[in-house]
Amino acid sequence: MRPAAAMALVLALNPWSAPGEPMPPAATQPTHTNHLAGQTSPYLLQHAHNPVDWCPWGKEAFAEARRRQVPILVSIGYSTCYWCHVMERETFESESAAAIMNERFVCIKVDREERPDVDDIYMSAAQLMTGSGGWPLNVWLTPPSADGSDPGLKPFYAGTYFPPEPRYGRPSFTQVCESLSEAWTSQHEQVLDQAERITQAIREHLSAATESVRLDGRQVSLAVDGLLRMYDPTNGGFGGAPKFPQPVFAMFLLETLDQIQPEAQQEKAKAALRKTLDAMALGGIYDQIGGGFHRYSTDAQWLVPHFEKMLYDNAQLACLYARSYRATKDPFDAHIARDICDYVLREMTLPDGRFSSAQDAEVDAREGLNYLWTDRDIKSLVDAGKLTDADATFVRHVFGMDAGPNFQDPHHPDEPKRSVLSLPERPDALAAELGLDRAAFDDQLARIRTIMLTERMTRKQPGLDDKVIVSWNALMIAGLADTAIATLERKYYDAAIKAAQAILSKMRDATGGLVRTSRGDALANIPAFFEDYACMTRALLALDVAATAFNDHDARWREEAIALVEDAKSRFGDGPLLSVMYDTLDRQSDLLLRQRSTTDGAMPSAISVWINAHMDLFEITGERQYLEYAIACLSAISQDIKANPIGCINSTRALHRLLDRDGSLPDKLGPEVAEKPTESPVTILSAGDKLVVPNDGEARLPIRIEIEGKQFHINAATIDPALEAMGLQPLRATIVGGTGYAVRLDMPAGKPFQGPVHGDNLPALTVYENTIEGAVIVQRTGDVIAGRPRIALSYQVCNDRACYQPLTVELEVELLAQ
């Protein structure tokens, strides 16, 4: 489903995600306490003393909205979100803004990390309405009807960050609130109608097909080709700025590397993987002093990061570098895997062995302040006798400071520039450049890092979100286990065991099921999601493999994994084999729909982790039932994999593992899909049946393309080459049946497409819907006119779940040379 005219807003307002100027921090002594007090989420607790009468997501807030018959304002964010902090300071701490919000709405705060299901639904609403999304996410919902016949919770307006006052012709947050409240009263039926349309669009957008289609090695090859087209050969990584690590991409290339053909393509993939791993580890996105990765780079060079650190990123990257070391024996990979794990154990590990979720990007409302350095900082260490002059020279060269400062806080332009530290080259090259042997270089670097880290720890530290999330902890347990296997260092294995024991013993509800989050000894009243079960299963199996590596012959981790598998099937599974897995429990009254996500993003999709875990379980136990079940789960999402092998890259990795094992897939993956619709929904009309083409010029043939059925579209005339590599074909014009002419298209830009066959990690796709008018431009080539040249147009019909084989039609237009 895509934004359409039918979804035009009833109000002339435009959600705005541009930045604003932060207000001074709020007073330290709160004068207000709202319904968020007592919650376990640090993000919700950050808002517990706002003058806004925030409520947590739940039946009490819904009942209040039903009683008052006013819309619900849901504001979604997370504790380390910079712009969430800005909007709180500017708006949610404002008495006047709070008065408007409290009077006109029931206001709910949601931590997206606690409730990813709620966030997914309403982020889809924002993307459908505005074409973009982000956090903080602010969505206005209908209340439950007074008679209880309609449960409400249907979105009718959405946006991200709003400024506290109008800027650049944009409305302020309070203006948006007032206009929406007035529309609720004066345009009530229109608002309800819009909410219904948007809700239906969300259901179509997030629905997933379960019918099987044939999968084979082509999906793996298309994914490899597409990633190599997306690859940035100058800087490493995939795509441009802002640049995310995207470990699922690199892990896929790592595991498919030996099977990539032809050899030239294999060498290209090998170079892309090495360049990407090195560039990330050498860049400012990596904390060169304390270890661990920041969330993403604001530039294409991996230099200046967005400074928050997320557990899930570091967990997956520890796995990636550890596995790369096992494959390549490159010691730099082992160093990075160890360094990530050491950082997590030092700064993100709680006393019982579990892991905190994230570290904030800002200190005192300054982005990255804790991580930045100046020449004065280095000189102070020399003056204090902690570094020698030679050490200072080493620091300035090795960490790139001799090139001058590289970071200017965009929100505080009057402050002096500082340096994000990075390494200009790999350590072996730097050692050679400085005339040091590698051991001496490593010793000096380690000593200086320790001194600088000790100094940095005396600074005010970024905020720590110390809630425990099962799935994120599970990823870190797997990262520690993989690093222990790669390095044979038992401390990582022991840390993984301690965390797993704490999760399994402390994060259970009265039914014995897992709980999504906790903080300290307090469990959140949120049952774990499929994601939590899938990731924990994978973590326990990684521990089982590590136990073998350390001669710890204890089958408990395998047994715990099998128990979780059976529990998860009963909670989230559907279908005869329980292989259709949903993200949430059944019959949740606070959700518009029950989702089945297949797209990988910063977190791999739950189903992709689940399928790979069952492959692991088969390899560990040798019991074929686990392989058969993995195939059944793969079959249930095969349409999405075939339509978008890069968007479902971790599931495509599972497909590769199956093919690598057996060479082909069983028939139960389903019959071939139809090569084309029974009748094409596309009609192409041209102006006239003759076109005169001058010898020294060109002729223009107007065309109109009519696409019948709102479920269909065709790809636009220009799409990204990476998408072509995946098998998507743009609208094309060619000459067939003769020579002497050349053609090109003059068509409008298409509409942005968002849907299950196009994921967040892919370049933007544009499509045509309904009726499109354009032209074919024809000119003489100078060649002899031979045969009966005719204009042919090729197009690819798609719906929101799949694309069909391209079709070609010939225009009944006679070409005449002048």
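Guide: The chain has 25 helices and 30 strands. These are DSSP runs numbered from the N terminus: helices are H or I of at least four residues, strands are E of at least two. The radius of gyration, taken over C-alpha atoms, is 28 Å, close to the 28 Å of the globule rule for 818 residues, so the chain is as compact as a globular protein of that length. That rule is 2.2 Å times the number of residues to the power 0.38.

The model is predicted: local features need pLDDT of at least 70, side-chain atom pairs count only at pLDDT 80 or more, and totals for chains, interfaces and linings use all residues. Residues are numbered from 1 along each chain as its sequence is written, and side-chain values use heavy atoms, without hydrogens and water.

Now the sheet. It is open, with 4 strands in the order β24-β25-β21-β28. The pairing is antiparallel. Two strands pair if DSSP finds at least two bridges between them. β24 (751-752) and β28 (797-798) are the edge strands, each pairing on one side only. β24 meets β25 (residues 766-768) in the antiparallel sense, over 2 bridges. In β25, T766 is the bridge partner of P752.

Back to the whole chain. Its C-alpha atoms fill a box of roughly 85 × 70 × 60 Å along the principal axes. Of the 818 residues, 58% are buried, meaning under 20% relative accessible area with a 1.4 Å probe, protein chains only. Of the contacts (heavy atoms within 4.5 Å) between residues at least 6 apart in sequence, 74% join residues at least 24 apart.

Conventions. Buried means under 20% relative accessible area, exposed over 50%, partly exposed in between (1.4 Å probe, protein chains only).
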